[in-house]
Amino acid sequence: MTDGEFGSEFDGVLDGAFGGETGGTGGMAGPTRVESAGEGRVDPFDEALALANAAAPVRARPGTEAGAGAGAEPTTVRVPYATRETAAPRSSTAGGGGDVPYTPDDPFSLDDPAACGNGRSSTSRSSSSSRPPGHSGSSAPSAPSGPEGPPAPTASGPRPTAAALPWHIARDIAERAVPGPPPPETSALGDVLGRTLAAPLTALTDLPSFDTSAMDGWAVSGPGPWRLDHPAGAPEDGPLPGILAGHAPTEALHDGHAVPIATGARVPPGATAVLRSEHGEVRELSDGGRRLYAPQPAPPGQDIRPRGQECRRGDQLLPAGALVTPAVLGLAAAAGYDELTAYRRPRAEVLVLGDELLDQGLPQDGRIRDALGPMLAPWLHALGVEAAAPRHLADDADTLYAAVAESTADVVITTGGTASGPVDHVHPTLRRLGAEVLVDGVAVRPGHPMLLARLAPHRHLVGLPGNPLAAVSGLVTLAEPLLRTLAARPPAAPYRTPLAAPVHGHPQDTRLIPVAYREDERHGLTAAPLRFHGPAMLRGIAAADALAVVPPGGAERGTELELLELPWSAGWSPVSSTGWTAPGGA
């Protein structure tokens, strides 16, 4: 897909959300409207550019311009991304239908750092602006060891907040940020677990490939009783030799005769059924022979798996796009495959930012434990992504620039640093790299200051807020849809479940809250909201089965809400392809 094609698709997504030229909002909470010069109406393409490419429109209130009357219309001012660092700040509520009064005690005030996840801490750091301007607190060298780039921006003024995109629109943009997965690769069976088939799985042989005994017992021919003969050369006083799995019978079975057979063994020609060992009785005859009796007749075909019962050669076993599970590997091996053609796993690199973070021991001396590093890599593995151990970077602009510039990963994921404090270096780094910002802020709580940027064709950066639950919100909102497209995994089917209890909502933004499944006499399976769902908390998500998508205004008990199931809710395994373990692990 070319950049123009992506822009067209992207414009269509936003145009549909904003109501196109009709001026409707499509239920969207918050984007600032951009008016076409001289026409007095919304230009969807102009608006898409403003919201997606971060040329943030800044509204001037009526009457603030020279000569403006009390009833004058608002004026739109273009602020290019490259100059936003020095532009005047504006309220994050500008696109939400008017300013909302700030109340410090209101946990959902749009300007409350605790409500949105301020983009800094990996646990509960309240504000990155508490450091004096110009002081990074970093012990890292000031110059990167990697490639040299443009100097770090020196502007110290606050960066105006871009219009936050509605949550569903942001997810759509992330999913469409790449045209599709990279070219598929053919690999040995042992290397394709968790990947997506790029071609249908077609049977290379009949399954089973010969008539097979389904039970231990006797292969019999015709109605009983049956004579059990010793094959030539077999000792007369020993146990009767039989047909074992992996050994082809050499002689046909004659009518009225039987031969012992093991499960999985090839049924000899002439056999009409298999009599289970517990259903037969062997009696000695006066002439020294043996005869097999059964209390019930053995109908033709009993306990025989006929050739081709499961499939015939050429049958499609699984379509392209199927996820390679352990069971799929077993089926492929049974069908004769030594290797499969599948899309490769996307490669992600996690950069954990912050001087205040410890990777072991108890929090002390103003420093806190890194909660995101141990969590993100296994979470990405569960999504089918290759991710090495996260790298911890100090709060230094050049260090971050070098790490992102040198990365060869499909997706770079940063934690913290997405706001506009003195040591929040993600936005300046993107400007130095000439990146294209696709999403800069999402109308969701927690996790408001998340972002998505295109570093180069087929390479992206997802900036997660630093607070843990806010980072989880960014992961499921932006990283997961992008990585799912790269891995050629289909989106999960929409899933809605009634609430077990009412949930308070944000006035304008979507909320993501942890929920656990509970049985209810009236509603059946329900989603019970969990406590401890603040932006800096992980206690709720650790006990959760899913995240509930709460619309603005909240929802009452019994309301069916969209659920985002967590990977481990569907049988996630902690075993990763890289063998990485959390710090302190064995």
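Reader: What makes arginine 307 and aspartate 206 a salt bridge?

Author: The closest N and O atoms of arginine 307 and aspartate 206 are 2.9 Å apart, and a salt bridge is defined as a side-chain nitrogen of Lys or Arg within 4 Å of a carboxyl oxygen of Asp or Glu, so the pair carries that name. Arginine 307 lies in the loop between β14 (304-305) and β15 (316-318) and aspartate 206 in the loop between β6 (201-202) and β7 (212-213), so the pair ties together parts that are 101 residues apart in sequence. The model is predicted, with local features needing pLDDT of at least 70 and side-chain atom pairs counting only at pLDDT 80 or more, while totals for chains, interfaces and linings use all residues. Residues are numbered from 1 along each chain as its sequence is written, and side-chain values use heavy atoms, with hydrogens and water left out.

Reader: Why is aspartate 206 called buried?

Author: Buried means under 20% relative accessible area, exposed over 50%, and partly exposed in between (1.4 Å probe, protein chains only); aspartate 206 has 11% and therefore counts as buried, whereas arginine 307, at 45%, counts as partly exposed.

Reader: How many salt bridges does the rule give?

Author: The count comes to 17.

Terms used. Helices (H or I, at least four residues) and strands (E, at least two) are DSSP runs, numbered from the N terminus.
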